[in-house]
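Have a look at the structure below before reading on.

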Amino acid sequence: MKRGKTGLKSKCQRFPSHMGRAQRLKPLRSSFALTSLEDWGNLPHHVVLQIFQHLSLVDRAKASSMCRCWNGVFHSPDLWRRFEFELNQPATSYLRSTHPDLIQQIIKRHAQHLQYVSFKVDSCTESAEAACDILSQLVNCSIKTLGLISTARPSFMDVSQVHFVSALTVVFVNSKSLSSIKIDDTPVDDPSLQVLVANNSNTLKFLKMSSCPHVSPAGILFVADQCHGLRELAMNYHLLSDELLLALSSEKHVHFEHLRIDVVSENPGQTHFHTIQRSSWEALVQHSPKVNIVMYFFLYEEEFEPFFREETPVTHLYFGRAASKEMLGRIGLNCPRLVELVVCANSLEPLDEELILIAERCKSLSAIGLGECEVTCSGFVEFVKMCGGRLTQLSIMEEVLIPDSSYNMEQIHSEVSKHLGRKWSPDMMPTW
């Protein structure tokens with residue numbers, strides 16, 4: 001009995017209690033945590049850099065405070081090549097805004113690293129002025145792309161023109177390698193474009209400057225004459241000229257890729273629209289056979305008189321206001337390169353003949369959208385039958401289609417689907 005008790009006691013002593021086990025594991029856990037922290041801190045620079053590239057700016061800043069190594073990665077030039085300044089007034093906007101302290105840190109430590117920069121501002125003049133203040137401090141930069149984006153009302157137009165142009169030319173002068181610029185709805189002017197060309201003529205490829213009222217046709221022509229690498233241009237119609245198209249068609253100029261033209265009228269009958277000669281359009285297409293010519297129209301019906309009287313090599317057409325039957329008929333006759341057509345509104349007359357003419361003459365048409373207008377079901381089926389499977393996008397509002405003796409709304413679904421080679425139904429909401 002004594003021997004048995006002694007044996008049992010000795011066995012119990014070999015197995016510690018639960019409390020003892022926890023006490024023994026505690027230093028092991030602490031050691032493991034310390035080792036893990038040290039391992040994270042010893043990650044290679046390129047690994048941490050790749051992790052940081054997937055973090056938001058706020059999370060990246062928080063992570064940088066963990067150790068000296070991560071803080072060094074946070075200030076790596078690779079992380080600051082692309083940056084978007086978000087400038088909003090808290091009292092009037094729900095959008096987040098880049099903290100002023102961070103802005104100053106970027107200007108002091110990373111201005112020379114910035115290459116792809118955009119400014120997103122709300123409708124407040126103060127936000128646009130803040131963007132100009134930042135631009136004026138980027139004196140040691142090598143920016144390649146610059147975008148000034150108004151998320152609501154074009155607030156840059158409320159800034160003093162002297163202030164805006166002075167700030168913008170700081171970037172134009174110091175960058176020397178600008179290739180892409182988006183400055184829509186800003187008070188940029190001819191002299192500032194001359195500064196742009198003087199310092200970046202060899203690198204400029206993309207220029208978007210719609211709704212810039214202080215730029216003249218001579219100003220944009222100067223850009224085209226000097227920047228032979230220009231591939232894309234977006235502007236308002238009043239800047240378009242025969243001389244500009246011929247400059248883009250010169251032997252020195254690279255093949256042009258994309259020309260966007262906004263045709264806008266705010267006061268009916270008070271805006272004069274000039275005519276571009278057919279020979280100028282032909283010169284551009286002969287020089288750049290694959291060029292996309294995109295036109296957005298925001299006109300009243302009586303203002304379409306100068307357009308498409310002769311053959312025009314437009315590829316994409318968008319009508320934001322009513323387009324007359326006559327206008328659509330001229331498109332069928334004189335726009336053989338048309339690829340995409342969107343008509344948001346039209347007077348309440350069926351467009352059967354006009355659509356059939358477009359299907360017959362515009363052999364490259366592959367996308368069409370129709371909003372507040374009318375087409376008979378028979379006319380629409382005939383249009384689709386003529387276009388066939390080349391119609392990759394067919395967005396037609398349901399109320400556009402008028403049932404007739406040949407097709408009702410149920411029958412037209414299957415008939416159109418048969419000619420398209422895929423299932424189709426009209427839209428309940430516009431998709432363009």
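A residue is called buried when its relative accessible area is under 20%, exposed when that area is over 50%, and partly exposed in between (1.4 Å probe, protein chains only). This is a predicted model, in which local features need pLDDT of at least 70 and side-chain atom pairs count only at pLDDT 80 or more, while totals for chains, interfaces and linings use all residues. Residues are numbered from 1 along each chain as its sequence is written, and side-chain values use heavy atoms, with hydrogens and water left out.

**Charged pairs**

Side chains of opposite charge can pair when their charged atoms come close. A salt bridge here is a side-chain nitrogen of Lys or Arg within 4 Å of a carboxyl oxygen of Asp or Glu. By this rule the count comes to 13 salt bridges. Among them are these:

| Pair | Closest N to O |
|---|---|
| Arg231 and Glu257 | 3.3 Å |
| Arg309 and Glu305 | 2.6 Å |

Which parts does the pair of Arg231 and Glu257 tie together? Arg231 lies in the loop between α10 (217-226) and β6 (232-236), and Glu257 in the loop between α11 (242-248) and β7 (258-264), so the pair links parts that are 26 residues apart in sequence. Helices (H or I, at least four residues) and strands (E, at least two) are DSSP runs, numbered from the N terminus. Arg231 counts as partly exposed because its relative accessibility is 26%, and Glu257 is partly exposed at 35%.

Lys385 and Glu382 both lie in helix α15, 3 residues apart, which is about one turn of the helix. Lys385 has a relative accessible area of 44%, and Glu382 has 30%.

Arg309 is partly exposed at 42%, as is Glu305 at 47%. Glu305 and Arg309 also belong to a network of salt bridges with Glu326 and Arg330.

**Helix α16**

How far apart are the end C-alpha atoms of α16? They are 17 Å apart, which agrees with the 16 Å that its 12 residues (409-420) should span at 1.5 Å a residue. That expected span is 1.5 Å times one less than the number of residues.

At the N-terminal end, Asn408 caps α16, with a side-chain oxygen 3.0 Å from the backbone nitrogen of Glu410. After the helix comes Gly421, whose phi is positive, near 80 degrees. Within α16, the buried residues are Ile412, Glu415, Val416, Ser417 and Leu420. What covers them includes α15 (377-387), β12 (393-396) and β13 (401-402), where contact means heavy atoms within 4.5 Å.

Note on methods: A polar contact is a pair of N or O atoms within 3.5 Å; within protein, one must be able to donate a hydrogen and the other to accept it, and residues adjacent in sequence count only if both atoms are side-chain atoms.
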